[in-house]
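Colleague: I would like to learn how to read features in a protein model. Please take me through them one by one.

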Amino acid sequence: MDDHHDLPHPGGPHGLDHRIVVALRACGTDPRVAGAARALSWAGEHGALWLAAGLAGAVVDRPRRGAWLRGTALTAGAHAISMGVKRVVRRPRPAHVEPLVGTVGRHSFPSSHATSAAAAAVAFGALGARAVPPLAAAVCVSRLVAGVHYPSDVAAGAALGALTARLGAGWMKGGPA
């Protein structure tokens, strides 16, 4: 794709993507919201929050240690897949809003934060970690408030992460791959 595909079209899906980013980025003018978005974005970098949560689950829940470790591997794998897709698609990040956070890369689609968050929500949620899905949703929203992703980036990332974890559910619980 070229960099021109991302220009806003007021009536089209790209225009809606742009308008939603502007609206959510405006929420970040509140210092409390901006601080939360920055913290969540930082914690989700490279899936670190989810990898730490999975490893903590493996330490605390010894009877299901293997499931926690396989769920952590699925989460890391989903993140790696999203990075590969990002290199193929090469969609630029939103340039029409001032970002709240720096980014590791310049490509936006899919959101790797959303990919690893959704993978963790599915994998660790299946193990009873009830706090993970709402925290994962907050990480996803933080990327919009931070102004570094379009909603379609986050939606695609979340779908990729959830699908990856769902496809690996049998393996995660100790069944055949």
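## Reading the model

Modeller: Start with a salt bridge: the side chains of R32 and D30 form one, with N and O 2.8 Å apart. Before we go on, note that this is a predicted model, where local features need pLDDT of at least 70, side-chain atom pairs count only at pLDDT 80 or more, and totals for chains, interfaces and linings use all residues. Residues are numbered from 1 along each chain as its sequence is written, and side-chain values use heavy atoms, with hydrogens and water left out.

Colleague: What is a salt bridge, and how many does the structure hold?

Modeller: Side chains of opposite charge can pair when their charged atoms come close. The cut-off: a side-chain nitrogen of Lys or Arg lies within 4 Å of a carboxyl oxygen of Asp or Glu. This structure holds 3 salt bridges.

Colleague: Are R32 and D30 buried, partly exposed or exposed?

Modeller: Learn the scale. Buried means under 20% relative accessible area, exposed means over 50%, and partly exposed is in between (1.4 Å probe, protein chains only). R32 is exposed, because its relative accessible area is 67%. D30 has 23%, so D30 is partly exposed.

Colleague: Which residue pairs with D61, and at what distance?

Modeller: D61 meets R64 in a salt bridge, at 2.7 Å from N to O. D61 has a relative accessible area of 17%, so D61 is buried. R64 is partly exposed, because its value is 35%.

Colleague: Where do the partners D153 and R91 lie?

Modeller: In D153 and R91, the closest N and O atoms are 2.8 Å apart, and the two form a salt bridge. The pair links distant parts of the chain, 62 residues apart: D153 is in helix α7, and R91 is in the loop between α4 (65–89) and α5 (112–125). Helices are DSSP runs (H or I, at least four residues), numbered from the N terminus. Both D153 and R91 are buried.

Colleague: How do I read T164, and which residues does T164 contact?

Modeller: T164 lies in helix α7, which spans residues 151–167. T164 is buried, because its relative accessible area is 15%. Its side chain reaches the backbone oxygen of L160 at 2.8 Å. Contact means heavy atoms within 4.5 Å. Leaving aside neighbours within four places in sequence, T164 is in contact with L74, A78 and I81.

Colleague: What should I look for in the backbone?

Modeller: Most residues other than glycine have a negative phi, and most peptide bonds are trans. Now the cases here. H46 is not a glycine, yet has a positive phi of about 55°. H46 sits in the loop between α2 (31–44) and α3 (48–60). H46 counts as partly exposed, because its relative accessibility is 46%.

Colleague: What is the phi of R90, and where is R90 found?

Modeller: Phi of R90 is near 60°, a positive value in a residue other than glycine. R90 is found in the loop between α4 and α5. R90 has a relative accessible area of 38%, so R90 is partly exposed.

Colleague: Which residues does the cis peptide bond join?

Modeller: The cis bond joins F109 and P110, with omega about -5°. P110 is in the loop between α4 and α5.

Colleague: Which residues are in contact with H96?

Modeller: H96 is placed in the loop between α4 and α5. Setting aside neighbours within four places in sequence, H96 contacts H18, V21, V22 and Y150. H96 and H18 are 78 residues apart along the chain, and their C-alpha atoms are separated by 7.9 Å. H96 is partly exposed, because its relative accessibility is 34%.

Key. Helices (H or I, at least four residues) and strands (E, at least two) are DSSP runs, numbered from the N terminus. A polar contact is a pair of N or O atoms within 3.5 Å; within protein, one must be able to donate a hydrogen and the other to accept it, and residues adjacent in sequence count only if both atoms are side-chain atoms.
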